[in-house]
Amino acid sequence: MAVVVSSNGNGPAFEAKMTVYVFICVMIAAVGGLIFGYDIGISGGVTAMDDFLKKFFPSVWERKQHAHENNYCKYDNQNLQLFTSSLYLAALVGSFLASAVCSKLGRKPTMQFASVFFLIGVGLAAGAVNIVMLIIGRILLGFGVGFGNQAVPLFLSEIAPAQLRGGLNIVFQLMVTIGILIANLVNYFTATVHPNGWRMALGGAGIPAFILLLGSLIICETPTSLIERNKNEQGKETLRKIRGVEDINEEYESIVHACEIASQVKDPYRKLLKPASRPPLIIGMLLQLFQQFSGINAIMFYAPVLFQTVGFGSDAALLSAVITGSINVLSTFVGIYLVDRTGRRFLLLQSSVHMLICQLIIGIILAKDLGTTGTLGKAQAIVVVVFVCLYVMGFAWSWGPLGWLIPSETFPLETRSAGFAVAVSCNMLFTFVIAQAFLSMLCGMRSGIFFFFSAWIIVMGLFAMFFIPETKGVAIDDVRERVWKPHWFWNRYMLDEDDHQDVEKRTE
């Protein structure tokens with residue numbers, strides 16, 4: 001059955017079907033998200049394994065053995081944190097390189113580069129004999145993340161019909177959550193495999209990387225990318241193939257027009273500094289800040305460590321992390337169902353209230369009942385796990401997927417790759433900051449860290465309320481006319497080119 005996708009409020013409609021081929025392309029490309037999720041989830045489990053700590057971080061292992069260890073500081077080690085965070089610093093650099101590859105070669109080759117980086121990085125990390133080899137492996141994995149996270153959301157947004165774009169794009173985040181869950185399961189079962197369980201855990205990322213490499217040979221390039229690189233006939237045929245209908249002329253002409261405008265921009269990063277680019281740029285960057293400073297990756301990176309801190313044993317802690325990972329996956333399906341029905345803003349606002357309540361309750365329980373030594377009582381520990389799960393639910397259907405979806409659908413074609421590269425790099429920068437600082441913050445702030453994240457949730461909820469417009473059902477190249485121009489605040493930046501030049505002269 002055809003899905004009618006409206007180009008704009010008064011303009012022509014673009015007819016499209018949800019074809020089997022598009023579904024296959026979406027699932028293959030989204031494997032890049034699975035690898036990203038696996039890398040997020042595997043780090044916390046591996047850094048809790050004694051065999052891994054004894055080989056690479058013996059001082060941390062020694063500290064763990066003390067009978068009356070400090071609950072909040074036993075894992076505080078900058079090198080240990082560097083193992084986790086080095087991946088995200090490399091991904092920051094990789095995303096800018098990936099932006100150029102995306103524009104010059106296309107989305108598909110960028111995903112192929114990502115899979116090659118993943119495979120080499122996995123080999124070095126899993127086979128590491130010293131910390132230098134381990135960190136180099138993580139850095140190459142980071143380049144894979146940077147390339148994959150740059151290409152996949154753009155690919156999904158460009159290949160999807162407008163009315164299904166939100167749900168199809170969130171498949172990327174769904175695969176991230178599945179990757180986290182698989183990593184938690186792998187951590188749980190390899191924790192008892194001595195002495196090389198950690199090698200098996202780190203090596204597991206090679207399987208989805210190989211799937212992505214093979215799968216990327218099957219999928220098509222996006223029509224937008226082909227037309228952007230002057231392969232118009234190939235782009236037209238691809239558009240006809242993915243839409244499943246013969247009458248694609250109006251959508252084709254719309255893409256050609258967008259590409260003609262884009263071709264006039266020689267320096268997309270300079271274009272990002274123009275007034276008209278500021279709304280999607282500011283929102284895209286702040287979404288990444290808010291996504292990380294909501295506290296989610298602090299919980300997902302170190303879920304096994306966190307649960308050990310509140311009193312669960314090592315195996316029980318990993319099992320608790322598997323439970324949170326399962327909830328993460330299931331809740332993302334809620335986001336897929338709701339995003340093109342209720343819209344983006346509703347999910348962001350609802351979850352801000354939801355997540356704030358959960359963070360405050362966790363912080364209050366830890367502040368009241370968990371000292372620097374000892375553990376929580378069984379009842380309090382269970383309550384903490386329950387509210388961690390509720391918190392993960394709220395994030396998984398809102399700020400998690402929408403942090404990737406909104407930047408991928410709001411930049412015009414001429415700055416889309418560059419703008420999304422800035423968003424991805426910001427995500428990696430803030431992820432690096434949290435990954436590198438969280439254990440030290442936990443040691444210094446103790447339970448206060450949850451109140452720190454609560455304050456950020458208040459800020460991001462207010463920002464969503466006043467500054468993030470609704471993009472549900474808007475064709476990707478109509479966002480300027482239908483979203484930015486009517487907005488009470490951002491419309492001041494939507495000026496004609498002559499007005500833009502006047503504004504720039506006044507601000508110089």
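Modeller: A salt bridge is a side-chain nitrogen of Lys or Arg within 4 Å of a carboxyl oxygen of Asp or Glu. In this predicted model, local features need pLDDT of at least 70 and side-chain atom pairs count only at pLDDT 80 or more, while totals for chains, interfaces and linings use all residues. Residues are numbered from 1 along each chain as its sequence is written, and side-chain values use heavy atoms, with hydrogens and water left out.

Colleague: How many salt bridges does the structure hold?

Modeller: Side chains of opposite charge can pair when their charged atoms come close. The structure has 12 salt bridges. In one of them, Glu251 pairs with Arg243, and the closest N and O atoms are 2.9 Å apart.

Colleague: Are Glu251 and Arg243 buried or exposed?

Modeller: Buried means under 20% relative accessible area, exposed over 50%, and partly exposed in between, with a 1.4 Å probe and protein chains only. Both Glu251 and Arg243 are buried. The salt bridge of Lys485 with Glu481 has its closest N and O atoms 3.2 Å apart. Lys485 is partly exposed because its relative accessible area is 32%, and Glu481 is partly exposed because its value is 47%.

Colleague: Which parts of the chain does the pair Arg165 and Glu409 link?

Modeller: Helices are DSSP runs of H or I with at least four residues, numbered from the N terminus. Arg165 forms a salt bridge with Glu409, with the closest N and O atoms 2.9 Å apart. This pair links distant parts of the chain, since Arg165 lies in helix H8 and Glu409 in helix H21 (residues 399-410), 244 residues apart. Both Arg165 and Glu409 are buried.

Colleague: Which residues are linked in a network of salt bridges?

Modeller: Arg107, Glu158, Glu228 and Arg416 are.

Colleague: At what angle do helix H1 and helix H8 pack?

Modeller: Axes are lines fitted to C-alpha atoms, for helices over the stretch in contact, and angles run from 0 to 180 degrees between N-to-C directions. Helix H1 (residues 20-29) and helix H8 (residues 165-190) pack at about 35°, with their axes 9 Å apart. Contact means heavy atoms within 4.5 Å. Val22, Val26 and Met27 of H1 make the contact with Leu168, Val171 and Met175 of H8.

Colleague: Which residues touch the most other members of the largest nonpolar core?

Modeller: A nonpolar core is a set of buried Ala, Val, Leu, Ile, Met, Phe, Trp, Tyr and Cys residues joined through side-chain atoms within 4.5 Å. The largest has 82 residues, of which Phe52, Leu202 and Met428 touch the most other members. Helix H7 (residues 131-159) gives the most to this core, with 11 residues. Leaving out residues up to four places away in sequence, the contacts of Leu202 include Ile42, Phe83 and Leu134.

Colleague: Where are Gly284 and Met285, and what do they touch?

Modeller: Gly284 lies in helix H15, and Met285 is in helix H15 (residues 278-293) as well. Gly284 counts as buried because its relative accessible area is 3%, while Met285 counts as partly exposed because its value is 32%. Not counting residues up to four places away in sequence, Gly284 touches Pro407 and Ala423, and Met285 touches Val422, Cys426 and Phe430. Met285 and Cys426 are 141 residues apart in sequence, with 6.0 Å between their C-alpha atoms.

Notes:
Helix = DSSP H or I, 4+ residues; strand = E, 2+ residues; numbered from the N terminus.
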